Each structure stands twice: as C-alpha cells, then as structure tokens.
Amino acid sequence: MRPEIALPILIPLFFGALSLAVWRSRLAQRWLAVIGTGALLASGIWLLFATLNQGPLVTTLGDWQAPFGIVLVSDLLGAIMVLLAGLMAFSAAVYSLAAMGEGHERFGYYPLLHMLLAGVCGAFLTGDIFNLFVWFEVLLIASFALLILGGERAQMEGAIKYVTINLISSAVLLTAIGLVYGLVGSLNMADLAVKFADADAEHTGLITVIAMLFMISFGIKAAAFPLFFWLPASYHTPPVAVSALFAGLLTKVGVYALYRFFTLIFTQDAELIQTILIWGGTITMVVGVLGAAAHFEFRRILAFHSVSQIGYMILALGLMSPLAIAGGLIYTFHHSVVKTNLFFVSGVSYRLRGTHELKELGGLYRAAPWLSLLFLISALSLAGIPPLSGFFAKFVLVRGALDLQFWVVTGIALAVGLLTLFSMTKIWAEAFWKAAPENAPTPPPVEPGQPLYLMYLPIIGLAAIAVLMGIFGEAVFELAMLAAEQLEDSRIYIEAVLGENP
Amino acid sequence: MTSMPSLILSTAARVLLPLLVLFSIFLLLRGHDLPGGGFIGGLVGASGYTLYLFAFDSSAARAALRMDPRTMVGLGLVIATLSGVIGTFVRGEPFFTSQWWEVYVPIFGEMKLSSPLIFDLGVYMVVLGSVMTIVLTLAEAEE
C-alpha cells in the first residue's frame, strides 16, 4: 500500500471540500488555500523522491486489481508533473492572497482552485484512459468557472471559445476511448500497450485512426497548431492569478497526455506519428511567436508565447530520442515556472500602473527596479539565454534534434528563440525602459489586507527556481534523462502495473 | 411567490415534507444492492423541500432545511472523501477499498454497515445541497 501516490489527488479534493464547507469565512478559505497547496507541494516532493528511489509506484483504487480496476501509477514523468503542479499551485495561492478581489473570493475562487488541482493531479497519475477522461472533465469544469469568475464582457467572449473547443475536444477523446474499448476491450494503459503491440496486422489502420483521434483531442488541450486559437482568445481575460495558473498548468496536461500516449500506447506506426508531431510542433512554434510579435498587450503577448513554447515540447516528443524527450521534459518544467512568473509580473505592473497596454505602460524600471530585475530573469530565461533554465532546456532539445540530423527543424527552433527574445525586449523597452506616458491611467484602488509583498514572494521564488535550474543544470538533466529512459522502455511501466509476465 | 397562498397546497406540503424526507432516507439506506442510493435519495429529499418552498416561501424553506445548502455541499464532499481513506487508516489497504462492519441492532437483528454507505451519505448531502442552492437562488432572484 503506497499512500503517497493518491495523496496529490486526495489533498486538493479534501481541501476543496473543506473550503466549500466554510464558504462564509473568507479568512478560513485563504488559510486553507495556502495550507492545502503547501501540502500538495510537499506530497509532490515526497512522491518524486519515492519514485526516484523505488522505480514506478502503483496503487490499485478500491483494491480492484489491474487491468480491471483503476490504477494510479507514478513513474518519473508523472511524479515530475505532480511536483510541477504543486509548485504552481502554491505560488498561485500565495499570489492570490494579494491579487484576488473580495468579489472573486466570495464566489468560490478557492474551492474551484482546489478542484482544478485535483483534476490536474488525477490526470497526471491515473493509469486508466477512461479515468483520464474523467479527470480532464473535472479540471475543465473547474477551469470554465474560474475563467468567467468576475463576469466581465471580455471574459465571456473568451470563455465561449474556450468552452466550445474544449467540449469538442472532450467529445473526440470520448469517441477515441470508445473505439479503443470496442477494439481490445480494455482501458488500462499498460494493458493497452501490450494488446496494441500484439495486435493483428489487419487492425493497424484502425489503431492509427484512433491514435490520430487522441492526437487531435490532446492537441486541442495543449494548444498545438492548428487548434490553438482558443488560447490567445481566452487566457488574457481572467484575473492574473488564474491566467498564470492556466498558462503554467492546463496546456501542460495536454502535453503530458501526448507524451504518455505516444511513448507507451501508440508505438506501432511510429514514422507517420513522428512526422506529424515534428511538423505540427514546428509550425506551432513559428505561428505562436509571430502572433506574439504582432501584439501590444502584456498578457496577450505572454499567451501567444505559450503557444510557441508548446511547439518545442511537441517537437521534442516527435523526435522521440531519449535526449530529445529529456529536453522536452526540462522545457515543460522550465516553461511553466517562467511563464507563470511572467504573468505574475504583469499582475504587479497592473497594480502599479492600472493597465496592460504596452503603449500606456512605462517608467517601471525607475518606479520598481527590483520588479524589472525579476522580469528580466524570467524573460531572458524564456528566450534561452545562459545560464538560466531556458538555455539548458533549449540546448538539450536542439542537441537531440542535431543528433538525429533534423537540420531545418533545428534552424527554425533557434530562429524562434531569437524572435522570442525580440518580443521580450519589446515588453522591456515599452513597459520598463521608456518614460511613463503623460496620459497614463490611474492605478486601481487596492483593497485592504492585500500587501504587495505577497505578490512579490512567489515571483522571487519562481525566479530563484529559474536561476537554480540553470546553475544545477546537470542534476536537472540527469533527472530528465532518467525519466526519458523510463518513457523509452515501456516495459518498465507495463511490468510495474501488470507484473512480470503480462 | 405566495401571492395567492393555497390552503390545500400548504397543508399538504406540511405533511408531505417529512414523508418525502423519510422516503429519501429509505432510498439512501436501500441503495447498495437494490435501486436507490445517495443520488436518487438526495433528489427525492430536494423535491420535498422544493414543494415546501412552493407552498410557503424561500425563507421558510431555508428554515426547514436548517443548514445552509452550500455548507451542506461542502460537508457532503468532505464526508465522501473521508469515506475513501477509512480503510487506509484502519487496515492499511489502498484508498477507496470498501470496509464492512456487522452491527447488531435490537429488533432488526444483524445489519451490515459499510464505507460505501458513508460515501453515499456524502453524495446525498451534495445532491440535496446543490439542488437546493439552485432552487433557492432562483426563487430569491424572483422575489
């Protein structure tokens, strides 16, 4: 019996329920948010160390054995993602204390936050594809509500696109799961991996079709080209803490599902799938970064950049070599940390200046020099400047692509890095460097009990992580290599779930 | 809502509310192997309170419910979550493993209690609480 595998799901479920039970008391909800996400972070660290020391961990829910019952599996990929979720959740919760208006908090912001996290962690840990669908729904419903919290017109417009496209994605996912069940009569991921590997030649075509359905569904959730348009339409509309959490976590769930499915289950028609992933990823990079270059609103630029960075992660999966996948994993972690942090910075600049428009911003370097430094760390890390985290992520990934002699793709990936630097410089020059414009709007009134240092704390913490991931790049790389080797050899996962001789 | 109070409706509602709540508890307890359970029980209970709301008004329904429906949703979720960890703390079994206890009750004899029943109790409270939240919000918006 391994309690640590289920804890990252049970902790947010429990704290979400508890903060709903005390929904009258705003103070209690705020405390529960910090304690609950802190506990989630601690359980994520525990899970990662346990997985590192003992190999993939498995627990059967309700004691129903695999492949019939639902199993929770924590291999290194899952454990790293759970740790990431804990980290993002904790920093977002602390940030929310100072950034969330009372109106949002009274309408159930904190219970929704916990439920979102339960869905995210459940998706990372489950070893059953239908259960994965259920966790996706849990996190989507929570995210729908978070997205429209506050009820502004722009939020509704963004939310309609978000909800529609995600419902389509869920329908496609459910169809694919139904086809899988009709074909092999199983929903357990490890069992599916075994059954698809031994499938008759006559079924190969159908299996490829199913694989494509899964790719479309997860591609929508990850915001990959050409299904990304919902992300820039919706991510800049909700309160900053919500945008930051969404940008850091939600698309990563789609990326995670792609990694899990296309290294474990669908490994037969590898060449076709790899080609699609590589070019899909490359085009996603280019389109995202061009979109970012065209915008002049702080959060819109960041949202478009998320799309471009997702491209790198999908490209890494498409290359499919251990080195490239290790690069993709570092990239996923690094991007969550840095992008969340940039959104946090945009929140502080809004509080100081009362606008997100770059044209109306300015003079932040003089007004808040430390904020400028923190922004610079995250922005340069995103662009991949050494010695920050982004440099190593990009370095490992590009090295993996060069080893496989993908010259064109490598060139595009590097060029996109330059363009990223360009749009980060644009924000730097407009918001921080230039003098404040004369007709600048007035900053919004600050509610009592929302000290500014609570917004700075998570920004400092995440910036420190971005620096440390660069300085201790070798340790990070070794961990990512271990995780990539586990993904490469699917027998490790299968034996952990089904025993030695499935 | 009570622009024209109906004597028949309000008298009937007073009698029907306890009956419907009793019936909903019967459904809740019956639910493991036979038709019933927390979800359907919660719906029947909610229909009783909604009838009461139609006969009188929203504040009367709130008073009859005795607990704020949103708090009830939260408590129900807490109970349902905790029912899954009983087996882990008592016997070290995986989460959500069903636990069964035999209890001797005078008159009725041997009875079986289980952690799925506790889970169902949580579901009952969540369903009753969320339906009543919706109904009361709509009624109060109209008033």
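User: Which residues of helix 17 of chain A meet helix 19 of chain A?
Analyst: A:Ser389, A:Phe391 and A:Phe392 of helix 17 meet A:Ala466, A:Met469 and A:Gly470 of helix 19 in chain A. Contact here requires C-beta atoms, placed from the backbone, within 7 Å. Helices (H or I, at least four residues) and strands (E, at least two) are DSSP runs, numbered from the N terminus. This is a predicted model, where local features need pLDDT of at least 70, side-chain atom pairs count only at pLDDT 80 or more, and totals for chains, interfaces and linings use all residues. Residues are numbered from 1 along each chain as its sequence is written, and chains are lettered from A and ligands numbered from 1 in the order in which they are written.

User: At what angle do helix 17 and helix 19 of chain A pack?
Analyst: About 45 degrees, with the axes 6 Å apart. Axes are lines fitted to C-alpha atoms, for helices over the stretch in contact, and angles run from 0 to 180 degrees between N-to-C directions. Helix 17 of chain A is therefore oblique to helix 19 of chain A. Under 35 degrees counts as roughly parallel, over 145 as roughly antiparallel, 65 to 115 as roughly perpendicular and the rest as oblique.

User: And helix 3 with helix 14 of chain A, what angle there?
Analyst: Helix 3 (residues 76-99) and helix 14 (residues 322-353) of chain A pack at about 5 degrees, axes 11 Å apart. So helix 3 of chain A is roughly parallel to helix 14 of chain A.

User: Switching topic. Where is A:Gln405, and is it buried or exposed?
Analyst: A:Gln405 sits in the loop between helix 17 and helix 18 (407-433) of chain A. A:Gln405 counts as exposed because it has 8 C-beta neighbours inside 10 Å. The cut-offs: buried means 20 or more other C-beta atoms within 10 Å of its own, exposed 12 or fewer, partly exposed in between, with C-beta atoms placed from the backbone. A:Gln405 is not a glycine, yet its phi is positive, about 60 degrees.

User: What is phi for B:Phe96?
Analyst: Near 65 degrees, a positive value in a residue other than glycine. B:Phe96 lies in the loop between helix 4 (69-91) and strand 1 (100-105) of chain B. B:Phe96 is buried, with 24 other C-beta atoms within 10 Å.

User: Which residues does the cis bond at A:Pro226 join?
Analyst: A:Phe225 and A:Pro226, with omega about 0 degrees. A:Pro226 is in the loop between helix 9 (204-222) and helix 10 (230-234) of chain A. The A:Pro386 to A:Pro387 bond is also cis, omega near 0 degrees.

User: How many residues do chain A and chain B put into their contact?
Analyst: Chain A gives 16 residues and chain B gives 17. On the chain A side, helix 1 supplies the largest share, nine residues. That side of chain A has 12 nonpolar, three polar and one charged residues.

Definitions and conventions
Two residues are in contact if their C-beta atoms, placed from the backbone, lie within 7 Å. Ala, Val, Leu, Ile, Met, Phe, Trp, Tyr, Cys and Pro count as nonpolar, Asp, Glu, Lys and Arg as charged, and the others, Gly among them, as polar.
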